[in-house]
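Student: I would like a close look at one part of this model. Please take a single residue and follow its surroundings.

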Amino acid sequence: RKKSMYHKVIIVDGLPGCGKTLFTNLVSTIDRVESMAYAFEIEYYCALNFLNRMDLDVSSSLTKIAVDLKIYEMMMGRNVNFRPSDLSGVTNYHDSTRYFKRLFQEGDMAIPDRIIEEKPILNLATHNLLSVSDPIWKALGEDCIFVEIVRHPLYMFRQHLLNIESIHGSPRHFHLYFDYNGKEVPSYVKGWEDLYLKSNSAEKVVHFIDQMTSRTNLMRDKINKNSNLKIITIPFEKFVLNPGKEIEKIATMAGSNVLEQTMIEMKKQGVPRDNVAKGIDLDVYKRCGFVPPIDGSSERDELDIRRRDLLLNADHNSIRVMDRISKEYESLYWDV
């Protein structure tokens with residue numbers, strides 16, 4: 001299938017609790033960029049390829065079809081999220097009337113020509129995808145602008161711990177699992193199954209961040225060797241404390257430009273902040289472990305508070321691993 005409809009695709013990716021939703025909302029203020037949408041099916045194709053259950057040609061072909069179908073349906077007004085309370089709902093988009101109008105516009109055969117004329121840019125949010133992203137690059141190549149959000153491991157600990165304790169293993173955990181010696185384990189555990197199975201919830205989080213960071217670093221290095229592929233890594237802390245030209249850079253990569261709504265959305269997202277721990281006091285973030293910073297606390301104080309959560313729940317080896325990956329992160333991205 002050589003013909004495609006999509007124009008450009010921006011993928012905002014990262015580990016649980018890294019701050020993806022902040023960036024997908026900011027990315028949506030770029031001219032011609034659509035409201036954010038999740039792309040679970042693409043995550044599955046990449047995971048199946050990683051598990052050696054689907055070869056690269058098949059997984060990349062399905063990825064390309066999924067991207068085309070996603071932009072086709074968004075332009076049709078089909079399978080679009082109108083739920084106001086959802087962060088991914090189009091009512092949170094800076095021009096939600098666009099999606100209401102599409103419900104009454106001509107569809108079907110008219111859509112391909114409209115895509116050619118309007119050149120919409122997909123805005124996809126994904127989870128833990130970069131480390132297994134070979135099908136993405138084979139499918140989309142230079143048409144993909146991959147935005148990797150990184151964040152201090154201690155700031156991601158709470159949300160992923162809540163995920164493991166409340167969602168993992170339940171019908172709401174829409175993730176691929178595989179059988180390992182009669183035990184059901186998530187796809188990302190491939191290669192460290194025994195460590196996963198013997199760990200408690202807090203320890204699983206630490207080893208997950210460690211393993212995923214290591215795999216992601218290897219993939220990023222591989223991608224960056226190809227100068228034609230587009231990946232931008234954004235440290236959450238640096239951005240929210242002192243935002244630079246990251247959104248403009250993404251827009252340039254996509255062949256577009258930012259709109260005046262960018263600054264409006266920055267204010268809405270509470271950027272810039274005088275403390276990383278300050279966030280938006282929304283119920284959805286509270287469910288993910290958000291707690292406002294203590295008055296007068298320093299950045300190191302807030303990190304120490306989060307480390308104490310770990311001390312109460314993890315073994316000595318896991319604490320050593322967290323201390324190591326925290327120091328590695330700080331040396332690369334955030335001099336606390």
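Tutor: The model is predicted. At the start of α9, Asn200 brings a side-chain oxygen to within 3.1 Å of the backbone nitrogen of Ala202. Helix α9 itself covers residues 201–224, which makes 24 residues. From first C-alpha to last, α9 reaches 34 Å, close to the 34 Å expected at 1.5 Å a residue.

Now turn to another asparagine, Asn123. Asn123 sits in strand β3, residues 121–127. Its relative accessibility is 0%, and the cut-off for buried is under 20%, so Asn123 counts as buried. Leaving aside neighbours within four places in sequence, Asn123 is in contact with Ile10, Val12, Thr24, Val27, Ser28, Val33, Glu34, Ser35, Met36 and Ala37.

Take one of those contacts, Ser28. Ser28 lies in the loop between α1 (20–27) and β2 (37–38). Its relative accessible area is 6%, so Ser28 is buried too. A polar atom of the Ser28 side chain lies 2.6 Å from the backbone oxygen of Asn25. Beyond four places in sequence, Ser28 is in contact with Val33, Glu34, Tyr93, His94 and Asn123.

Methods
Residues numbered from 1 in each chain as written. Predicted model: local features only at pLDDT ≥ 70, side-chain atom pairs only at ≥ 80, totals over all residues. Heavy atoms only, no water. Helix = DSSP H or I, 4+ residues; strand = E, 2+ residues; numbered from the N terminus. Buried < 20%, exposed > 50% of the residue type's maximum accessible area, 1.4 Å probe, protein only. Contact = heavy atoms within 4.5 Å. Expected span 1.5 Å × (residues − 1). Polar contact = N/O pair within 3.5 Å; in protein donor to acceptor, adjacent residues only side chain to side chain.
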